[in-house]
There are 2 protein chains.
Amino acid sequence: MSLTPNLTELKSVLDVSGSGELTLSEDDLHDFARGAAFLGTGGGGDPYIGRLMAQNAIREFGHPKIIDVNSLDDDATVAFVAMLGAPTVLNEKAASGADIDLAVMRLSERLGRPIDALMPAEIGGVNSTVPIVAAARLGLPLLNADGMGRAFPEIQMVVMNFEGVRATPFVIVDEHLNSVIIETGTAKRAEDFVRSVAINMGLSCIVAGYPMTGAEVKRATVHNTLTEALEIGRAIVAGRRAGDAVGGLVRRLSESSIYGHARILFDGKIVDLRRETTAGFSIGHCKIESLNGTSGAMDVQFQNENLVALENGILRAVVPDLITIVDRETAEPIPTEALRYGQRVKVIAAAAPKLLKTPQALEFIHPRCFGLDFDFTPIEELTT
Amino acid sequence: MSLTPNLTELKSVLDVSGSGELTLSEDDLHDFARGAAFLGTGGGGDPYIGRLMAQNAIREFGHPKIIDVNSLDDDATVAFVAMLGAPTVLNEKAASGADIDLAVMRLSERLGRPIDALMPAEIGGVNSTVPIVAAARLGLPLLNADGMGRAFPEIQMVVMNFEGVRATPFVIVDEHLNSVIIETGTAKRAEDFVRSVAINMGLSCIVAGYPMTGAEVKRATVHNTLTEALEIGRAIVAGRRAGDAVGGLVRRLSESSIYGHARILFDGKIVDLRRETTAGFSIGHCKIESLNGTSGAMDVQFQNENLVALENGILRAVVPDLITIVDRETAEPIPTEALRYGQRVKVIAAAAPKLLKTPQALEFIHPRCFGLDFDFTPIEELTT
């Protein structure tokens, strides 16, 4: 089987570094991982571990080519690659690399053709950097796009599915190189099988799926999210230097062509935290009280990712809009598994990308899909 | 993909019907299913449903060629095909046929070569007839052999595994034609994944696995078990005509070159029965009291199949030896899911095939593998 990419037609049209192509330096990787952690809304695993994995892979295999979606041939074959499991477990078991190679190889074997480019399934923590590792290892270009423009806990919750792209064949590989290939009629059914296998694999696996054409990638993914993560990470750092990290973050989000609206929902300290790994997910909630004790409390509920923020029982933001808890001074995003009692934090909300708010998207990512008894009201329409 | 069998080199050397080839007539199917139900030791699903499935497939597609193991080329490709799940569910959901075709096709695709012949995984209830359906539908020869010489609940519990044949690639398909291909380092690991997927598929699926060469089939399967099942079924019917059905059964088993030893363990009526479908299995036990009330009671425990028979707390037979509960008058084998309070039954034990009693076999089918705190003592060595 050949995994040699068909690069002849591919050219990068993305110019962030000035060299005609996005190359993430080690400094960039810090900013990128930080920005991705924000977009991960608490899920997707520890950005620190993800960054180290990407750094090591780039040192060993060189920088992967990060290419613009529009530079892709319409008939190119693209798939996503990701880690899947509960963040609390993902942090203890980093991918070896051989598992990543095997997942992409098995998918290519099943398709009967080489994979031309890889894509992140989601932007968030470790899953924004695993595709960098994969692209570096396999010498494949990485698309500047992803399937969510944020992170979500289940595999049917991606724009590809909302827009009619098949989830399968879908490959799962564990650290012992056991592999499972799933083919189902619907993405939700694939999720059922994937989750039960993932639980058996100890809740830390590499997955490759949603094989699609270049034409499908162009209409059914959120574009430029790697650049967006890098810029958000840079804005946090610039904001720190200017003495207003959270302000810098919120301003950058408000100017974004993908998110476009953001606000600080709450400022306080964590006074209660419940979190358990159950049914393959890290599920729980976090209660934050205002520092002066006068403004009541905010409750944030999560299933891997933060799902809803209630202030004194009033809805302030709800999925698919983004809710991220950050350090109140440094604006460092805090993954759900790193939340601790007593932390002083701000809760930030940002508007979801448009492709997450279509009627067909809300069939899969409406608050009720997460067991929440709320209608979806975009944060732009909720009172401040 | 081609599923055309390579029949040029295959010739039947099995002469049961006198035509040089085993052909199961409709009458034979009754006897065969009855004998297989005995060898299924309570598991493997309802032989009645299995027989109807085989009968319909033969009417529609013609008789499959049932061939002797020794007529197989050493480099032929063989795989088993079976239903997998809890018997209580298997009885409610019969295979559609398309699921069987897809399972074999997916395995062949993954192997990159056609399957030359099919084999039953086990002899027992529905799983002795599903391969007949598959062979008839696909026009493939069926081997006169199986992986157990009886039935067992898990996929690592086959002679192929004991003798070093890989279980995977292993394919699972459900009634909606969702498919999963599993590749693992060990058969036990495959079982873990298969079971979790099967639970998600509603505990009734078609599986195809243990792809092996003709040479492997010759050394790592129990030979002639289709003939054996037919002969056991015939002996029961002949015994009925002679007024001693159970006697006819036990004599035939004692003369068998595969089993060679059998006895009646107990005679009585069922006075207690507990059975639940849990963790993907039908698990429980059955208490039988002697009819005159003087000889105490026998307790038979099962996990899909009957595992151990205790008479007043004393071990009378234990897995891998065969334990089957039959009607005390007709010697009709009673599957665990058909056991009823008040049934008048005899408990029959037969010695396991030799390949189930090797040290490497007992690593997988020792009583302790089923959670039973007994050493394995062959029935020949237990006092009568």
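Colleague: Into which domains is chain A divided?

Modeller: This is a predicted model. Two domain centres of chain A, taken over C-alpha atoms, are separated by 24 Å. The contact between them takes 39 residues from domain 1 and 35 residues from domain 2. The division of chain A is into domain 1 (26–223) and domain 2 (245–381).

Colleague: Which domains of chain A each give at least three residues to the lining of the largest pocket?

Modeller: The largest pocket holds about 180 Å³ of space. Its lining includes His30(A), Arg34(A), Tyr48(A), Glu332(A) and Pro335(A). At least three lining residues come from each of domain 1 (26–223) and domain 2 (245–381) of chain A.

Colleague: Which elements give two or more residues to the lining of the largest pocket?

Modeller: Among the lining residues are Ala33(A), Asp46(A), Pro47(A), Arg51(A) and Ala338(A). By class, the lining has five nonpolar, one polar and four charged residues. The elements giving two or more residues are α1 (26–39) and α2 (47–61) of chain A.

Colleague: Is Met148(A) buried or exposed?

Modeller: Met148(A) sits in the loop between β5 (145–146) and α6 (159–162) of chain A. Beyond four places in sequence, Met148(A) touches Ala121(A), Glu122(A), Glu154(A), Met157(A), Val158(A), Val222(A), Pro353(A) and Leu356(A). The relative accessible area of Met148(A) is 3%, and buried means under 20%, so Met148(A) is buried.

Colleague: How far apart in space are Met148(A) and Asp321(A)?

Modeller: Start with the sequence. Met148(A) and Asp321(A) are 173 residues apart there. In space, C-alpha to C-alpha, Met148(A) and Asp321(A) are apart by 11 Å.

Colleague: Which residues does Asp28(B) touch, not counting those up to four places away in sequence?

Modeller: Asp28(B) belongs to helix α1 (residues 26–39) of chain B. Asp28(B) is buried, because its relative accessible area of 13% is under 20%. The residues that Asp28(B) touches are Thr23(B), Leu230(B) and Arg234(B).

Colleague: Where is Pro320(B), which a cis peptide bond joins to Val319(B)?

Modeller: The cis bond between Val319(B) and Pro320(B) has an omega of about 10°. Pro320(B) lies in the loop between β14 (314–318) and β15 (322–327) of chain B.

Colleague: What is omega for the cis peptide bond that joins Thr168(B) and Pro169(B)?

Modeller: Pro169(B) is in the loop between α6 (159–162) and β6 (170–173) of chain B. A cis peptide bond joins Thr168(B) to Pro169(B), with omega about 5°.

Colleague: What is phi of Thr41(B)?

Modeller: Thr41(B) lies in the loop between α1 and α2 (47–61) of chain B. Thr41(B) is buried, at 0% relative accessible area. Its phi is positive, in a residue other than glycine, and near 45°.

Colleague: Is Ala331(B) buried or exposed?

Modeller: Ala331(B) is in the loop between β15 and β16 (344–350) of chain B. Phi of Ala331(B) is near 60°, a positive value in a residue other than glycine. With 0% relative accessibility, Ala331(B) counts as buried.

Definitions and conventions
Residues are numbered from 1 along each chain as its sequence is written. Chains are lettered from A and ligands numbered from 1 in the order in which they are written. This is a predicted model: local features need pLDDT of at least 70, side-chain atom pairs count only at pLDDT 80 or more; totals for chains, interfaces and linings use all residues. Side-chain values use heavy atoms; hydrogens and water are left out. On a 1 Å grid over the protein atoms alone, a cavity is a set of points where a 1.4 Å probe fits but cannot get out, and a pocket is an open set with protein on both sides within 12 Å along at least five of seven lines; lining residues have an atom within 4 Å of a point. Grid points are joined across faces, edges and corners, and a volume is the space filled by probe spheres set on the points. Helices (H or I, at least four residues) and strands (E, at least two) are DSSP runs, numbered from the N terminus. Ala, Val, Leu, Ile, Met, Phe, Trp, Tyr, Cys and Pro count as nonpolar, Asp, Glu, Lys and Arg as charged, and the others, Gly among them, as polar. Domain bounds come from an automatic or database domain assignment. Buried means under 20% relative accessible area, exposed over 50%, partly exposed in between (1.4 Å probe, protein chains only). Contact means heavy atoms within 4.5 Å.
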